[in-house]
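Please read them with the structure open.

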Amino acid sequence: MSDRTMTRQVLLFFSVLSLSSVHGQVSYSIPEEMAKGSLVGNIAQDLGLDITRLKSGKARIYTGDSAEYIELNKERGVLLIKDRIDREALCEQTTPCALHFQITLENPMELYPVTVEITDINDNAPTFQKTERRLEISESAVTGSKFMLEKAVDPDIGVNGLQSYSLKHADHFVLKLHSQADGSKKVEMVLQKPLDREKQEHMSLLLTALDGGEPLLSGTMQIHVTVLDANDNAPVFTKPVYKATISEDSQKGTFVTTVSASDADKGTNGEVSYVIANSMNRLSTLFHINEDGHLILDGQVDYEKFRSYQIDIEAIDNGGLSDSSKIIIDVSDVNDNSPLINLISKSGIIPEDSRPNTVIAMMSVNDPDSESNGKVNCGINENIPFTITSASNGFYSLVTDSGLDRERASEYNITVTCSDEGVPALSSSVTLTLQISDVNDNAPVFERSSYEAYIIENNTPGLSIFTVKARDADWNQNARVSYILEDSSVNGVPVSSYVSVTADSGVIHAVRSFDYEQIKDFQFRVKAQDGGSPPLSSNVTVKIMIQDQNDNSPQVLYPVQTSSSLVAEMVPRSADVGYLVTKVVAVDVDSGQNAWLSYKLQKATDRALFEVGLQNGEIRTVRQVTDKDAVKQRLTVVVEDNGQPSRSATVNVNVAVADSFPEVLSEFTDFTHDKEYNDNLTFYLVLALAVVSFLFITCLVVIISVKIYRWRQSRVLYHSNLPVIPYYPPRYADTLGTGTLQHVYNYEVCRTTDSRKSDCKFVRPCSQNVLIMDPSSTGTMQRMQSENNILDESDSPLEQKPPNADWRFTQGQRPGPSGAGGPPEMAMGTGPWPNPPTEAEQLQALMAAANEVSEATATLGPGTMGLSTRYSPQFTLQHVPDYRQNVYIPGSTATLTSNPQQQQQQQQMLMQQQMAAQQQALQAQPSEASAQPEPPKAAQTPASKKKSTKKEKK
């Protein structure tokens with residue numbers, strides 16, 4: 001902690017708090033050097049507060065800009081030692097030494113001053129700046145000569161401070177203590193016996209400083225005295241005390257004052273030097289005195305730290321004689337410190353309905369300067385509804401002085417400026433930002449005092465008519481406006497059956513389709529209500545006016561059209577031009593120009609005889625009626641309104657040109673009426689279209705269902721683990737070496753868990769001679785050579801050597817059809833091809849192959865199965881499997897040689913043998929199929945089902 005901070009904390013002890021929210025002061029006294037966490041006092045009990053109040057009020061300790069040595073435990077309501085307290089470092093020699101802080105609470109704001117006095121313990125021993133000192137004293141020194149010694153320093157105070165000195169091994173000297181104004185003691189060593197250099201030139205003395213504490217502590221300094229020859233006059237200061245004044249803003253090197261001492265001796269014994277005798281390092285580094293007695297400032301002085309300095313000086317001549325004096329330096333204050341503003345507590349937001357004199361913030365203001373330089377006045381910016389009041393010495397409160405309105409100002413930046421009365425004046429400021437929270441104090445206001453809207457009749461239900469809009473000056477939820485249709489009735493019907501209002505947007509919709517001929521206008525009230533608590537509302541009158549639309553055709557009132565009887569107008573043959581035959585009377589229930597009617601003659605038996613008035617509908621003759629005019633006259637009159645688009649109606653007028661009624665009756669007996677159009681035709685057409693559409697959709701659904709069913713069946717078979725038995729054609733040839741064919745094929749079968757995903761790799765034969773079987777069974781074997789084929793590479797690592805030519809199987813050892821035997825020439829490898837197996841034998845062989853595949857898969861593990869061992873060149877007789885238990889690679893029993901004649905003979909024999917084998921197979925197939933036991937059936941797949949179906953058909 002700096003000296004400035006310690007001094008300010010000590011000065012707070014003298015502050016008196018008189019806030020209306022500041023309560024009585026609580027004081028505690030504790031010794032220094034207490035351990036961390038030690039109990040200071042039960043602050044909650046002493047202040048009469050509950051633990052709950054401490055927690056809810058967010059109690060905390062406010063110390064300003066000073067360090068916190070005390071902490072508050074809100075759980076227990078006690079004050080504890082937070083950091084080590086050293087009274088000497090905190091207050092030095094100032095008494096009493098105390099810590100001053102405030103405990104602040106919120107909601108409501110409260111301030112409790114607390115003072116903790118720090119009592120001294122004897123934890124420091126007296127010490128000397130130097131452990132030894134050397135003195136040179138002339139032997140001519142007279143009895144009573146004084147020699148000033150260095151004072152010991154003990155930071156403790158009271159009885160624990162420095163109390164006494166003792167001098168040991170001093171036969172010629174005695175100690176003399178002098179009390180000074182600052183409470184310290186000046187130590188002098190006084191000569192009580194004359195010195196004799198010839199007897200004792202050097203003496204060693206021990207100066208001991210003692211305090212009065214428990215336990216007793218002490219410090220020592222060794223004094224070495226050298227006796228010199230005659231110097232019988234000591235220097236003498238002109239004044240016992242020198243006084244000087246220095247300003248705290250003085251620069252380094254400033255001259256302070258001059259001291260002077262004179263020595264009656266002459267020569268070197270009369271030369272005097274000056275030294276600062278104070279043992280405190282602060283003074284020795286802050287000032288120095290030169291040989292001329294000028295006291296010079298070496299550092300920076302601060303009035304707020306030390307207001308005066310007392311410097312002990314000593315004048316020493318070359319003979320070792322000395323005299324002492326004191327310089328008292330007073331430091332004058334300069335306005336060099338701006339006021340310090342510390343916020344104790346503040347509110348960041350207050351409601352707009354807060355009452356005047358509501359406390360917003362509490363702060364302390366301190367200026368370390370003195371007198372007028374330390375007097376502070378605080379103010380805030382103008383034209384805001386706040387004011388600042390002084391609660392006590394250095395404490396201020398910021399309060400409201402009038403009502404607040406968030407709608408006018410939602411935020412205030414309050415700048416508090418504090419300035420002192422120094423010259424020139426210094427000031428400091430702090431800005432507080434205060435938010436004004438909204439209160440629901442404004443009702444929604446409509447943009448208009450009343451609304452009028454127009455809508456054309458025959459509107460679509462749900463049509464948006466127009467929008468009402470209201471605004472609320474409040475904020476957030478308080479400004480959220482909802483629109484409500486007030487209950488009322490129109491012609492005895494609730495208005496809600498006519499219109500509706502969207503609560504969020506205020507859009508008014510038509511609930512029904514309006515008819516101008518039934519209702520021409522109506523009005524209702526809409527209420528706008530905000531979301532505050534309690535809610536505020538206002539209402540407005542809305543008038544809806546319905547506009548006419550040309551939605552009604554003219555209606556003919558006369559002549560009346562009936563189907564049961566015939567009405568005709570009679571015109572005498574003597575009628576003149578302009579004779580009024582009749583008048584067509586029609587009305588239109590629409591209004592305005594939609595009801596303006598005009599009449600036109602559409603059709604007439606004789607257009608040259610009659611005309612129709614455009615505006616009045618009167619039918620008059622255009623010319624004189626003659627005998628040639630037909631008795632029966634039929635007129636079709638169109639009545640049309642003036643709407644957009646226009647609507648019309650037609651009326652048929654029958655006119656009889658005759659002078660007597662019997663003549664008219666005879667003419668109109670055969671008057672036929674137009675055949676009415678059958679309106680039911682449209683109904684039947686619509687019904688037929690609906691039936692056809694239904695049938696089409698039904699067929700489409702059925703087709704899709706069948707497709708999905710078949711797809712699912714195929715997916716089930718696809719994911720099954722049943723093996724798929726391959727189909728081999730009945731024509732095959734073995735390569736087991738029973739014939740003379742020297743080509744041995746190796747097959748590697750790799751099978752997966754799904755048999756339909758198997759792969760087969762065929763390794764090329766050992767030579768370039770390849771046997772090809774014609775699929776049509778009518779061709780012959782041909783020898784093919786292909787040097788470019790990859791299967792014919794001579795350096796392939798997969799190429800195998802041909803088997804031994806002497807290795808042969810007899811016909812009985814060779815696998816083949818059941819009981820199949822051949823002539824002797826077949827045993828030599830020169831006979832024809834063997835008889836092909838029957839279909840029953842093929843099926844049995846395929847089942848055996850599937851079983852073998854399953855067994856091999858279980859032995860080798862999932863995924864791969866190798867069959868190359870059975871067909872490798874190392875195959876021996878004991879490994880020959882039975883045909884019914886294995887699958888054999890198609891081959892031949894023919895012996896192939898390089899002799900062309902032999903090849904031709906073999907081809908002829910092959911063709912004869914094939915024809916004979918086919919005939920025998922056709923004859924023996926029924927008997928053999930019935931004699932053989934039925935082979936076990938394997939799980940069918942879609943491929944096997946198709947094959948079995950083909951066999952059954954065959």
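In which sense do S1 and S7 pair, and over how many bridges? The pairing of S1 and S7 is parallel and runs over six bridges; two strands count as paired if DSSP finds at least two bridges between them. Helices (H or I, at least four residues) and strands (E, at least two) are DSSP runs, numbered from the N terminus.

1. Basis. This is a predicted model, in which local features need pLDDT of at least 70 and side-chain atom pairs count only at pLDDT 80 or more, while totals for chains, interfaces and linings use all residues. Residues are numbered from 1 along each chain as its sequence is written, and side-chain values use heavy atoms, with hydrogens and water left out.

2. Confidence. The predictor's confidence in each residue is given as pLDDT, from 0 to 100. The protein averages 76, and 70% of the residues score at least 70. Residues 1-22 stay under 50, and the model has 60 contacts for them beyond four places in sequence; contact means heavy atoms within 4.5 Å. Residues 722-834 are also below 50, with 214 contacts beyond near neighbours in sequence. Where pLDDT is low, the predicted coordinates should not be read in detail.

3. Overall make-up. The protein has 11 helices and 53 strands. Of its 954 residues, 39% count as buried; buried means under 20% relative accessible area, exposed over 50%, and partly exposed in between (1.4 Å probe, protein chains only). Among contacts between residues at least 6 apart in sequence, 69% join residues at least 24 apart.

4. The sheet with S1. Four strands form an open sheet in the order S1-S7-S6-S3, with mixed pairing. Its edge strands are S1 (26-31) and S3 (60-62), each of which pairs on one side only. From one strand to the next, the twist averages 30°; axes are lines fitted to C-alpha atoms, for helices over the stretch in contact, and angles run from 0 to 180 degrees between N-to-C directions. In S7, Thr115 is the bridge partner of Ser27.

5. S6, S7 and the loop between them. S6 (residues 97-105) and S7 (residues 110-119) pair in the antiparallel sense over nine bridges. Leu105 has Glu110 in S7 as its bridge partner. The loop between S6 and S7 holds Asn107, which has a positive phi of about 55° although it is not a glycine. Asn107 counts as exposed because its relative accessibility is 63%.

6. Disulfides. There are two disulfides, each a pair of cysteine sulfur atoms within 2.5 Å. Cys91 and Cys97 have their sulfur atoms 1.8 Å apart, and both are buried. The torsion about their S-S bond is about 65°, so this disulfide is right-handed. Cys378 and Cys418 have their sulfur atoms 2.0 Å apart, and their link is right-handed, with 110° about the S-S bond. This pair links distant parts of the chain, 40 residues apart: Cys378 lies in S27 (residues 376-380) and Cys418 in S30 (residues 411-420). Both Cys378 and Cys418 are buried.

7. Thr636. This residue lies in S50 (residues 632-641) and counts as buried because its relative accessibility is 8%. Its side chain makes a polar contact of 3.0 Å with that of Asn652. A polar contact is a pair of N or O atoms within 3.5 Å; within protein, one must be able to donate a hydrogen and the other to accept it, and residues adjacent in sequence count only if both atoms are side-chain atoms. Beyond four places in sequence, Thr636 also contacts residues including Lys600, Leu601 and Val651.

8. Backbone points to check. Most residues other than glycine have a negative phi, and most peptide bonds are trans. Asn458 has a positive phi of about 65° and is found in the loop between S33 (450-456) and S34 (464-467). A cis peptide bond with omega of about -5° joins Ser533 and Pro534. Gln644 and Pro645 are likewise joined by a cis peptide bond, with omega about -5°, and Pro645 lies in the loop between S50 and S51 (648-657).
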